[in-house]
Amino acid sequence: MKTFDYVRAASVEEAAEAYAARPGARYLGGGTNLVDLMKLGVERPAALVDLTRLPLDAVEELPDGSLRVGAMVRNSDLAALPAVRDRWPALSQAVLAGASGQLRNAATTGGNLLQRTRCPYFQDVTKPCNKREPGSGCGAREGVHRDHAVLGHSAQCVATHPSDMAVALAALDARVELYGVEGTREVAAADFHRLPGDRPDLDTEIRPGEIVTGVVLPASTAGRPSAYRKARDRASYAFALASVAAVVRVESGVVAQAGIAFGALAHRPWRARRAEGALVGAAPTDDAFEHAVDLELAAAEPLRDNAYKVPLARALALDVLTRLTASART
Amino acid sequence: MSGIRTVVGAPAERREGREKVTGAARYAAEQPGTDRAFAWPVPATVARGRVTGVDATAALALPGVLAVLTHDNAPRLAEPDDPTLAVLQNPEVPHRGWFVALVVAETPEDARAGAAAVRVTYATEPHDVTLTAAHPEAYVPEEANAGYPARTERGDPDRAFDSAAVRVDTAYRVPPLHNHPMEPHATTARWDGDRLTVHNSGQGATVVRDTLSALFEVPAERVTVVSEHVGGGFGSKGTPRPDVVLATMAARLTGRTVTLALPRRHLPAVVGHRAPTLHRLRLAAEPDGRLTSVTHEVTTHTSRVKEFVEQAATPARVMYAAPHLRTLHRVVALDVPSPSWMRAPGEAPGMYALESAMDELAGELGMDPVELRIVNEPDTEPDSGKPFSSRHLVECLREGAYRFGWAGRDPLPRSGREGPLLVGSGVAAATYPVQASPSTADARALPDGLFLVRVNATDIGTGARTVLAQIAADALGAPLDRIRIEVGSSDLPSAPLAGGSSGTASWGWSVHEACTRLAERLAGHSGPLPGEGMVARADTTGRADAVSPWARHAFGAHFAEVTVDTVTGEIRVRRLLGVYAAGRILNPRTARSQFVGGMTMGLGMALTEGSTMDAAFGDFTECDLASYHVPAHADVGAVEAHWVDENDPHLNPMGSKGIGEIGIVGTAAAIGNAVHHATGVRFRELPLTPDRVLPALLAR
């Protein structure tokens with residue numbers, strides 16, 4: 001077999017150095033996606049730098065009312081945190097909507113963000129895929145693409161990002177904390193993943209060698225009504241056909257704050273800024289919700305076999321928005 | 001025999017249960033061997049063509065790689081009856097995924113890396129993998145699977161249809177489906193000189209032994225095939241698969257014990273699938289519901305390797321009294337993997353279509369769908385005119401309706417609503433033929449008071465060991481714990497495979513005979529037994545396969561309650577009830593497991609399962625258990641199985657009918673009919689996933 005080095009890092013500094021010293025290295029979290037991709041031959045790392053022993057499994061209340069979740073906190077633990085369940089319920093719901101119990105026990109917060117698309121052409125090394133092998137073509141655009149993107153896709157790539165968790169983080173204005181040899185920085189969760197454009201091989205804004213050290217759930221969405229809803233082919237252990245995460249605050253009869261993100265529609269969690277813009281300042285009525293959501297989804301360009309995603313995403317969004325504002329509407 | 005002493009009908013616990021749950025049970029790929037090597041196949045990456053070159057240089061240079069088998073260097077085989085076993089015999093590529101090389105290495109990882117390093121070049125040809133009802137190459141075959149005639153016709157179904165008072169002319173589609181047993185197809189093979197020992201995950205070791213004997217031209221007595229534990233097959237292990245041939249070849253070429261466990265991703269192309277079926281049904285009835293004409297026409301695909309025709313129009317030959325009846329199968333040979341058996345081939349897709357159409361007819365008639373089926377109960381088998389040995393479909397329907405609470409149902413579609421959920425219920429009938437094949441067995445009374453019963457049955461997870469021991473205990477008049485049973489090796493008395501819901505009938509018949517004979521001998525014996533004990537043998541040839549003057553089938557009724565989410569189009573099954581008339585139930589514990597398992601598989605067929613043929617590449621897109629959606633636990637609500645007692649003297653000494661397949665047969669239709677009741681929308685293509693359901697709800 002293709003052998004690889006295995007390095008167990010004790011600190012982020014050590015991990016970044018180990019990575020830099022080994023061309024072709026990959027960071028290893030829970031391994032629920034990377035190890036599969038290695039078996040498929042999609043990933044052929046020269047070295048694995050294991051991050052799971054890093055001291056990044058803490059959950060901290062920050063003085064400003066935000067919450068920092070370490071990158072090595074397992075998905076099951078993240079979903080079960082009382083602070084998350086109480087103050088950012090959309091995140092807990094999203095995590096629990098993903099994968100299976102066994103996978104959530106192993107998967108990490110950082111790894112969940114960095115998982116790759118489940119596009120079947122990406123996973124099959126005998127077929128063309130611009131994400132896996134730039135310039136080889138896209139099998140999905142004219143192929144089997146019921147599960148693929150309707151927003152923001154490019155001629156090069158129609159893949160979707162598979163994470164449920166990332167959709168909630170995007171809607172909740174969470175921030176992703178990164179460590180690299182050039183220092184630490186933060187990126188808004190909504191901006192962390194990219195659209196494919198002509199570089200579908202790049203999923204995120206992460207720089208080579210950078211490590212996700214944690215995510216910060218901000219005070220600005222803490223305690224606000226939020227929810228996540230996902231439609232899927234079976235009741236558990238299936239990726240979203242479409243999903244939505246939303247946080248909405250109504251004050252004095254009008255929407256004062258709105259964060260909405262769609263999942264499974266695009267190469268990244270699709271933050272619905274247009275819809276949010278249309279909603280803020282409006283009364284939380286059915287008409288206002290429909291107008292806002294339609295405004296957002298007007299940009300959709302479905303492929304031959306996935307037009308259903310647009311009405312599905314619309315219905316999910318209207319349902320979640322209606323439920324989140326029910327008390328303010330009565 | 002007394003009711004107290006009998007153990008047939010008792011819920012005896014599975015004999016190998018402890019071994020399985022503790023991990024002590026060894027499967028085919030888990031056989032120890034100090035010289036063991038591992039193999040990994042190389043699948044073709046073109047949909048049609050021929051191999052022009054295989055460059056194994058890089059693979060052979062990798063650490064651990066022992067050999068690369070190709071059509072150039074693989075051992076020559078005698079021509080097999082099943083052309084899918086002629087692997088590495090020529091450069092032709094009949095479909096994508098066909099094996100074109102095999103790498104043998106010291107570890108599975110080395111073999112996988114070696115397979116990735118093999119360079120294969122092809123001359124490609126245009127391919128066609130798309131089935132359509134109007135395909136120009138569709139033809140009517142001589143026969144469908146299991147030897148059924150492809151076409152039957154009685155009366156003048158077209159004229160009767162045209163002149164009928166009430167008519168339904170409708171079409172249904174069932175996509176390709178895959179068996180995907182938990183344990184992949186796997187073989188460990190070893191040659192000791194000219195003696196071959198094979199551990200194989202299969203549904204019948206005798207047929208595998210005979211196949212290997214023929215292919216490798218070795219006398220059968222020098223071949224031993226062991227299938228001690230099998231992690232599911234559902235038909236896909238009913239015939240030997242390429243793994244057993246490849247592992248045996250590799251063992252011969254390398255002189256090592258070779259294990260080949262097929263990778264999950266390779267399975268969809270090489271171990272069969274349920275072929276897609278396109279159904280057209282025309283039902284005509286009098287206003288009182290009595291059918292006057294039934295036409296069921298099916299178009300399906302097969303591969304260019306061999307003809308396999310899913311016999312989906314055959315249930316209409318059994319189910320309902322109609323003076324005018326036509327059933328017809330058409331098939332198109334495409335550049336697709338070879339289809340094969342999957343749990344209730346024919347009945348599962350055929351009854352989905354027929355029982356959905358019957359529900360449409362009930363709607364046209366304004367008649368209760370349970371009553372419609374009762375009104376059309378035939379006196380004799382419609383196709384053959386034979387009397388039924390036993391037929392209690394009406395009792396199943398009535399018992400099911402009672403248990404389900406059908407009586408209070410508002411028949412109006414879309415009449416049930418709970419907030420955003422539409423709630424509906426549906427019914428469908430089920431049928432499965434009674435089959436049996438000749439089998440041998442022996443039974444030995446040992447001096448220590450134990451009995452040893454030997455038969456090459458295969459326990460594919462059904463509880464065969466347990467039930468055969470019960471049959472033996474009754475025939476011997478001995479307590480169950482005195483019976484030792486040996487199954488799962490071709491060195492045991494020959495027996496047919498576990499398939500066609502006929503295993504227990506076939507094996508049990510010979511076990512019953514051997515044990516009855518032994519009991520008679522023991523009764524005439526006085527004094528202690530000799531050291532080797534006393535043995536009796538049985539061979540049911542000529543009786544198990546005798547043509548019966550009776551039409552013999554199991555029947556059943558399925559009831560389903562579903563919710564349909566109007567926001568997402570997601571469907572959930574709240575309740576599933578099956579009531580069966582399947583002869584004598586020999587072990588209610590293992591029987592219930594089979595019924596419930598079949599119903600769960602039917603739930604998957606209705607709601608979640610489907611394989612997509614990629615027109616450009618010629619393979620099935622879903623090739624792992626993350627994308628091929630078998631139901632998860634969360635999909636399965638309350639599932640209940642019951643049965644009505646049947647006393648049928650025309651079957652076998654146990655009075656049993658097969659129960660392994662009928663559970664899947666009516667389930668998909670019952671769920672589909674419940675979805676129609678819930679939504680008012682008739683969906684005619686499976687599976688009922690949100691991408692189909694929501695747009696239809698919105699368009700309504």
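So, in chain A, 55% of the 330 residues are buried, where buried is 20 or more other C-beta atoms, placed from the backbone, within 10 Å of a residue's own. Keep in mind that this is a predicted model, where local features need pLDDT of at least 70, side-chain atom pairs count only at pLDDT 80 or more, and totals for chains, interfaces and linings use all residues. Residues are numbered from 1 along each chain as its sequence is written, while chains are lettered from A and ligands numbered from 1 in the order in which they are written.

Back to chain A. Along the principal axes, the C-alpha atoms of chain A fill a box of roughly 65 × 50 × 35 Å.

What about secondary structure? Chain A has 13 helices and 12 strands, taken as DSSP runs (H or I, at least four residues, for helices; E, at least two, for strands), numbered from the N terminus.

Now, where do the chains meet? 24 residues of chain A are in contact with 28 residues of chain B, contact being C-beta atoms, placed from the backbone, within 7 Å. On the chain A side, helix 12 (residues 309-324) gives the largest share, five residues.

Key. Two residues are in contact if their C-beta atoms, placed from the backbone, lie within 7 Å. A residue is buried if 20 or more other C-beta atoms lie within 10 Å of its own, exposed if 12 or fewer, and partly exposed in between; C-beta atoms are placed from the backbone.
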